[in-house]
Amino acid sequence: METTDISAAAEAMTDEQVKRMAMVCWSSDLDRVWPTLILATTGAASGLEVDIFFTFWGLRVLQKNNRRFTGKNWMQKGESLVDRGGTDHLRLGKIHFGGAGTMMIKKLARQYKVASPTELLEMAMDVGVRLHPCQMTMDLYGLSTDDFIDGLQPTLGAASFIDMAAKADITLFI
Amino acid sequence: METTDISAAAEAMTDEQVKRMAMVCWSSDLDRVWPTLILATTGAASGLEVDIFFTFWGLRVLQKNNRRFTGKNWMQKGESLVDRGGTDHLRLGKIHFGGAGTMMIKKLARQYKVASPTELLEMAMDVGVRLHPCQMTMDLYGLSTDDFIDGLQPTLGAASFIDMAAKADITLFI
Amino acid sequence: METTDISAAAEAMTDEQVKRMAMVCWSSDLDRVWPTLILATTGAASGLEVDIFFTFWGLRVLQKNNRRFTGKNWMQKGESLVDRGGTDHLRLGKIHFGGAGTMMIKKLARQYKVASPTELLEMAMDVGVRLHPCQMTMDLYGLSTDDFIDGLQPTLGAASFIDMAAKADITLFI
């Protein structure tokens, strides 16, 4: 082993000091989106590089709040009716109770100064979290980038996400 | 690169031999708590350092079994009514069937000598698994440390969990 | 530190170039099995070593599609009635709508050339993904290897999965 190799190894180690977190946001349930965005903003604020891959139900999190119906064919339009997108419209995956449970939890969160998903998504972009929409899911839903909020990264496929995750110190599927 | 740097690097490598696992226990569903605690106890018994962060619905897992109602205001008390805490009261997230499904799975587990969540939680502490309650969720639920079982670690925030996870070899959100 | 130690360290580094992914397939919901198998096949096709541990509800994914009833006692047989196994019979965890929602998503997937779970499971084995059934869950369900598709790895326990996960660069619980 040459001195240069040793230096390269040392540099690689230093480079590893920047910790990375790669998350899959798979769900649009309020109770899953909340921890995803809290971990993301907290991580980025603590100096980590953070990537979130929004896929399957989770892609709806990136939808504009005022975009009610989406999709190109009747199946996609029908799905958008029962699976409303946008951070203002997320529901609890449990004890939603026709809206009462979700409303109560949101009220408690405000009372205890926990930021809403809409606020957290903006904060996330402010602190440098990279938000990646899944291309395949966009195709399935018939969504275009115009349906999404501004400030996102280019759309990704599974292979690119795996590349990111392989470099990350923390990988979570939420 | 000096010899001392090389030694430091070598030491760092040796130190990395102790593997670590950091898990988020996000749910209080029986079918999620079970694998969380089985992985935790098995991991710790195999020599890993194991940390579990109990957050959102998962915080209820740490509640005393005989503590029926919790919370400080009516919303928190109401939530505790429909979201009973304690390892003896966990329900399946699927095919609960008003209790019949959950009862059947528990009966099968006993028959095949799979430890119950209550037993596993005790075993976890015995083998050195560190159980961390989430401070933010405690505030939301209006829970105090008095509502929890004994032997827990001090309450944590997201930033501290991320620190742990960044050092861990295995990170899982369950 | 001797030259041989440095060489060993260098070799260890080179060996780490082969990235690994270890996943827990915990669910048999169509919307969870799909990303699991897409990530697995994409990862393996990109050169990663991929292991999937099928446990709890997820074990049903490995069941032969034509195996309707399984189990040794009445509880296990009853459970198999309401929790049908095999990749052709997976249901969405959300908006299943008595089958209509699941059928629609499958139709959309075909239209956009997304492989079905059955196709993906075969592709996974073709590209070298290792599929491990959980022994403990097999006991609970009363399943034998004869109930499963061909080409699987030997059954595993939690300790062996943790060993795999500790060596992996990407660990996901899905």
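At what angle do helix 2 of chain A and helix 5 of chain A pack, and how far apart are their axes? In this predicted model, helix 2 (residues 30-45) of chain A packs against helix 5 (residues 117-126) of chain A at an angle of about 30°, and their axes lie 9 Å apart. Because angles under 35 degrees count as roughly parallel, helix 2 of chain A is roughly parallel to helix 5 of chain A. The crossing of helix 2 of chain A and helix 5 of chain A is left-handed. The residues that make the contact are listed by helix below.

| Helix | Residues in the contact |
|---|---|
| Helix 2 of chain A | Leu30(A), Val33(A), Trp34(A), Leu37(A), Ile38(A), Ala40(A), Thr41(A) |
| Helix 5 of chain A | Pro117(A), Leu120(A), Leu121(A), Met123(A), Ala124(A) |

Of the residues in this contact of helix 2 of chain A with helix 5 of chain A, 11 are nonpolar, one is polar and none is charged.

Chain B has an open sheet of four strands in the order 3-2-1-4, with parallel pairing. Its edge strands, strand 3 (130-133) and strand 4 (170-173) of chain B, each pair on one side only, and the twist averages 15° from one strand to the next. Within chain B, strand 1 (residues 20-25) and strand 2 (residues 49-54) pair in the parallel sense over six bridges, and Arg20(B) has Glu49(B) in strand 2 of chain B as its bridge partner.

Chain B is superposed on chain C by a rotation of 120° with 0.0 Å of shift along its axis, at an RMSD of 0.0 Å. The two copies are therefore related as by a three-fold rotation axis. Only 7% of the interface residues of chain B are also interface residues in chain C, so the copies meet through different surfaces.

Notes: Residues are numbered from 1 along each chain as its sequence is written. Chains are lettered from A and ligands numbered from 1 in the order in which they are written. This is a predicted model: local features need pLDDT of at least 70, side-chain atom pairs count only at pLDDT 80 or more; totals for chains, interfaces and linings use all residues. Copies are superposed by least squares on the C-alpha atoms of residues with pLDDT of at least 70 in both. Two residues are in contact if their C-beta atoms, placed from the backbone, lie within 7 Å. Two strands pair if DSSP finds at least two bridges between them. Helices (H or I, at least four residues) and strands (E, at least two) are DSSP runs, numbered from the N terminus. Axes are lines fitted to C-alpha atoms, for helices over the stretch in contact, and angles run from 0 to 180 degrees between N-to-C directions. Angles under 35 degrees count as roughly parallel, over 145 as roughly antiparallel, 65 to 115 as roughly perpendicular and the rest as oblique. A crossing is left-handed if the near helix is turned anticlockwise from the far one by less than a right angle, and right-handed if clockwise. Ala, Val, Leu, Ile, Met, Phe, Trp, Tyr, Cys and Pro count as nonpolar, Asp, Glu, Lys and Arg as charged, and the others, Gly among them, as polar.
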